[in-house]
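Dear colleague,

I am passing on the structure we spoke about, and below it I have written down what was found. Please keep the structure open while you read.

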Amino acid sequence: MFCNARCSSTYAFKLINITYKRTVASVALKRNNKEDLVIRCKRKEYNYYMGQRYSKLDDVPLASKGWTHNKSKGDYFYVYPQSPLSEGDRFQLSDLHLQDSVTQRLQKDGIETLTSFQNEAFGTICKGHHSILTAESGCGKTLAYLLPIIHNIIGEKSSSMNSPRALILVPGRELAHQIASVAEKLVGETNLKVKVVVGGRTKRAMLNPEFSEVDILIGTPGALGKLTGVGIYKLNQLSYAVFDEADTLIDDSFIERLSSIVKRSQWRYELRGTDSSMERISISK
């Protein structure tokens, strides 16, 4: 992938999603192994090498900084394509013993194997352990938690309307619909039902509620907080709860809504914090 100075600095940053630190990059110049080079820049102090790490607090200039200036004409950076994971880092779908319809759906989308991250997450969640999944964007976190949830609740559908077996909380409606599209593909030919609840139509849903089979409920804290508060959705049959983008959900702007939803479930919970921050959240079934 090649990008030159005709791109805007904002676009270039989003394109590669990589930051640079001048001091670290200058040290990296001493490394002459070209195989470790991931991003090559016209100005070598901005080269990026495999394994470099940067703190979120660093003041990090970008190779594309200042590209809106006419003197930046001719500047560029080049992103070298990276080799895919070796076969030793992949795990066959057959090893998971998923329902045939789920496996076939994955294969239809060209997914024949899972990464070591997804495989480890599958085993941990299937065993009923509380889990925290952390990985870079694009590493398949959504699939990592959806597969074991679907695998375990296929034979344990809810016995009541609007009483999901799995709850997935997200901070925004776009992410909710994105996760729902993946979940709906995976449940495909199974008997599981996916429902999305986000803001915008909450008042209408409260005045004219719909009652149906819901196995996986995906939504935002604001909308779910209101609809569970009036009893339209009940959380007393939950087996799984996922806080996607948890660092955002436990921020001050969401924590009150999140804690109110937790209180309406059958979890035992401990929630401690101050007015400005939450120190601990511990949830168990």
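Between which two helices is the loop where A135 is found? In this model, which is predicted rather than determined by experiment, A135 is found in the loop between α4 (116-126) and α5. A135 counts as partly exposed, because its relative accessible area is 31%, and buried would require a value under 20%. Leaving aside residues up to four places away in sequence, A135 touches F117 and K141. F117 lies 18 residues from A135 along the chain, and the C-alpha atoms of the two are separated by 8.5 Å.

If you take the contacts between residues at least 6 apart in sequence, 62% of them join residues at least 24 apart.

An α-helix has 3.6 residues a turn, so residues three or four places apart point the same way. After α3 comes G110, which has a positive phi, near 85°.

Two other residues deserve a careful look for their backbone angles, since most residues other than glycine have a negative phi. H97, found in the loop between β5 (90-92) and α3, has a positive phi near 55° although H97 is not a glycine. H97 is exposed, because its relative accessible area is 64% and the cut-off for exposed is over 50%. E245 is the other one, with a phi that is also positive and near 55°, and E245 sits in the loop between β10 (240-243) and α9. With a relative accessibility of 40%, E245 counts as partly exposed.

E245 also belongs to a patch of negative charge on the surface, where E245 gathers with D247, D251, D252 and E256. One of these, D251, is found in the loop between α9 (246-249) and α10 (252-263), and D251 is partly exposed, with a relative accessible area of 40%.

Note on methods. Residues numbered from 1 in each chain as written. Predicted model: local features only at pLDDT ≥ 70, side-chain atom pairs only at ≥ 80, totals over all residues. Heavy atoms only, no water. Patch = residues over 30% accessible without salt bridge, like charges linked within 9 Å, V, L, I, M, F, W, Y side chains within 5 Å. Areas by Shrake-Rupley, 256 points an atom, 1.4 Å probe, with all protein chains shown as cover. Salt bridge = Lys/Arg side-chain N within 4 Å of Asp/Glu carboxyl O. Lys, Arg positive; Asp, Glu negative; His and termini not counted. Charge placed at Lys NZ, Arg CZ, Asp CG, Glu CD. Helix = DSSP H or I, 4+ residues; strand = E, 2+ residues; numbered from the N terminus. Buried < 20%, exposed > 50% of the residue type's maximum accessible area, 1.4 Å probe, protein only. Contact = heavy atoms within 4.5 Å.
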